[in-house]
Amino acid sequence: MIVLTALALAGDIDRLADEAVAANPGIEALEARTRQLEELAQVADLWPDPMLAMEYSNVPVNAPLPGNHPMSGIQLKAQQTLPAPGVTALRTDVAQGYVAISQEATREAELQLRKQVHQTWWRLALSRALGDVTEEHLGLTTELLDAVRSRYEVGSAGQSAVLRLELLRDRLGDEVLDYVRAETQLSAALVRALASDDRTFDTDPVEAVDVVGTVDLWMEQAVENRPLLAQLELMAQNAEQAAELALADARPDVTVWAGYRVRTQEAEGTDLISVGLSAPIPRNSSRRGDAVAAGHMEAAAAARAHYDAAEDMLHAQLLSAEAAWTRAAGKADTYETVLLPSAQSTLSTTLSDFRVGKADFASLYDAEVVLLALERARLTAAAETRIQHAEVEALIGAELSGGAP
C-alpha cells in the first residue's frame with residue numbers, strides 16, 4: 001500500500017515558507033512602505049520653521065538714506081507660529097497609527113504567502129503520491145493481464161477480458177503523465193513563490209493529521225492574532241484620532257514675534273524694540289475642521305463595519321474548514337483501517353480464485369478498480385487534512401498547538 005508523501009517535515013516546510021517571505025518582492029514593497037511611514041512619523045511633531053526678517057523702513061522718498069527722518073532705521077524681526085495645544089501629539093499618534101496599519105498589512109501578506117507555500121507543498125506531495133500509486137497499479141494490471149491471457153489461451157476466458165485490462169493498463173499509463181505534468185506545475189509554483197531559480201524538492205512519507213481545536217477556540221485565536229482583523233481595528237482607531245486631529249487643527253495657531261529697530265545717531269534716535277502676537281479669525285477653518293472630522297468618523301464607522309463583516313466571513317470560513325478537515329480525517333482513517341485492508345484482501349482472494357477458475361473476470365476487474373479508487377481517495381483525504389490545517393492556521397493567524405508534526 002502506498003503511503004502519502006510530503007516534501008519534508010513540517011520544520012522544513014516552515015523554512016521554505018520563511019525563504020519565500022524573505023524573497024517575495026511584494027512583501028519587500030510593503031516593508032518599504034512601512035519604513036517610509038516610520039520616517040514620516042519621526043517628524044510629525046515638528047513645529048513650523050521660525051521666521052527671520054529684516055526691514056529697512058521709514059525713510060523719506062526724496063532722501064532714502066538712514067538719518068534723514070527721526071523714525072528711519074533697520075528693524076530685525078523674529079517670528080514663530082505655535083501650534084494649537086495637543087496638535088503635535090495627535091499628529092504623531094496618527095502618523096504612528098499609519099505605521100501600525102502598514103505593519104499589519106505586511107503581516108497579513110506574509111501569512112497568506114505562507115499558506116500558499118504550505119498548500120502548494122501538500123498538493124505537490126499528493127500529486128507525487130497519486131503518481132506512485134498509479135504506477136503501482138499499472139504494474140498490478142500487467143500482472144492481472146498475464147493471468148487473464150493464461151486463461152484466454154486455454155479458452156476459459158474471453159478476448160473481451162484481455163481487451164478491458166489492456167484498456168485499463170493504457171489508461172493508467174496515460175494518467176501517470178497527468179501526474180507528472182501536475183508535479184511540474186506545482187514545483188514551478190513553489191519556485192515562483194521563492195523567487196529563485198529552478199529547484200527540486202525531495203519527498204518524505206507522512207500521515208494525515210487530526211483536527212486540532214474547535215471553531216469557537218479558533219475564533220478566539222483569530223480575534224487575538226489575525227493581522228487582517230488587527231489592521232481593520234487600527235484603521236478605525238486611527239480614523240477616530242484623525243477626526244480629533246482635524247478638530248484640534250481647526251483651532252487658530254498663535255504667532256508670536258519680536259523686533260529690534262536700529263536707529264541712526266544722526267537722527268538722535270534711540271533703538272526700539274517691539275513684541276506682538278497674531279491669530280487668524282477661525283471663520284472658515286472651523287467649518288472645514290468639522291467637515292474633515294465628520295469624514296474621518298465615517299471612515300472609522302466603515303472600518304468597523306468591515307471588521308464585523310470580516311469576522312462573520314472568518315467564522316463561516318472556519319466552519320467550512322472544520323467540516324472539510326473533519327470529513328477528510330475520518331475518511332482517511334476509515335479507508336486506512338477498514339476499507340483498504342478489505343479491498344486488498346478481496347483482490348488477492350479474487351485473483352487466486354480466478355487462476356483456478358473459481359471467480360469470473362468481472363469480479364477480478366471490479367476488485368482491482370475498487371482498490372485503485374480507494375487508495376486514491378485515501379491519499380486525497382490525507383492530503384486534504386494537511387491543506388485544511390494550513391487553511392485554519394492562515395485564517396486564525398497562529399500555529400495550531402498539537403497539530404501537524
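1. Thr-134 is buried because its relative accessible area is 0%. This threonine is found in helix H3.

2. Please keep in mind that this is a predicted model, in which local features need pLDDT of at least 70 and side-chain atom pairs count only at pLDDT 80 or more, while totals for chains, interfaces and linings use all residues. Residues are numbered from 1 along each chain as its sequence is written, and side-chain values use heavy atoms, with hydrogens and water left out.

3. Now for the overview. The protein chain has eight helices and six strands, where helices (H or I, at least four residues) and strands (E, at least two) are DSSP runs numbered from the N terminus. Starting at the N terminus, the order of elements is β-α-α-β-β-α-α-β-α-α-β-β-α-α. The chain has 405 residues, and 40% of them count as buried.

4. Next, contacts, meaning heavy atoms within 4.5 Å. Among contacts in the protein chain with a separation of 6 or more, 82% are between residues 24 or more positions apart. Which residues does Thr-134 touch, not counting those up to four places away in sequence? They are Leu-172, Glu-175, Val-176, Tyr-179 and Arg-376.

5. Some of those names return where H4 packs against H8. Axes are lines fitted to C-alpha atoms, for helices over the stretch in contact, and angles run from 0 to 180 degrees between N-to-C directions. H4 and H8 pack at about 15 degrees, with their axes 10 Å apart. These two helices are therefore roughly parallel; angles under 35 degrees count as roughly parallel, over 145 as roughly antiparallel, 65 to 115 as roughly perpendicular and the rest as oblique.

6. The contact between them is made by Ala-161, Arg-164, Leu-165, Leu-168, Leu-172, Glu-175 and Tyr-179 of H4 and by Phe-361, Tyr-365, Glu-368, Val-369, Leu-372 and Arg-376 of H8. By type, the residues of this contact are nine nonpolar, no polar and four charged. Here Ala, Val, Leu, Ile, Met, Phe, Trp, Tyr, Cys and Pro count as nonpolar, Asp, Glu, Lys and Arg as charged, and the others, Gly among them, as polar.

7. Compare helix H5 (residues 215–225) with helix H7 (residues 285–355): they pack at about 140 degrees, with their axes 10 Å apart. That angle makes H5 oblique to H7. Among the residues making the contact are Trp-218 and Met-219 of H5 and Leu-314 and Trp-325 of H7. The contact of H5 with H7 divides into 10 nonpolar, one polar and two charged residues.

8. Finally, look inside. A nonpolar core is a set of buried Ala, Val, Leu, Ile, Met, Phe, Trp, Tyr and Cys residues joined through side-chain atoms within 4.5 Å. The largest has 25 residues, and those with the most contacts inside it include Val-148, Leu-347 and Leu-364. H8 gives the largest share of this core, eight residues.

9. Where is Leu-364 found? It is in helix H8, and it counts as buried because its relative accessibility is 1%. Leu-364 and Leu-144 are 220 residues apart in sequence, with their C-alpha atoms 8.4 Å apart in space. Beyond its neighbours within four places in sequence, Leu-364 is in contact with Leu-144, Val-148, Leu-347, Thr-350, Leu-351 and Phe-354.

Methods
Buried < 20%, exposed > 50% of the residue type's maximum accessible area, 1.4 Å probe, protein only.
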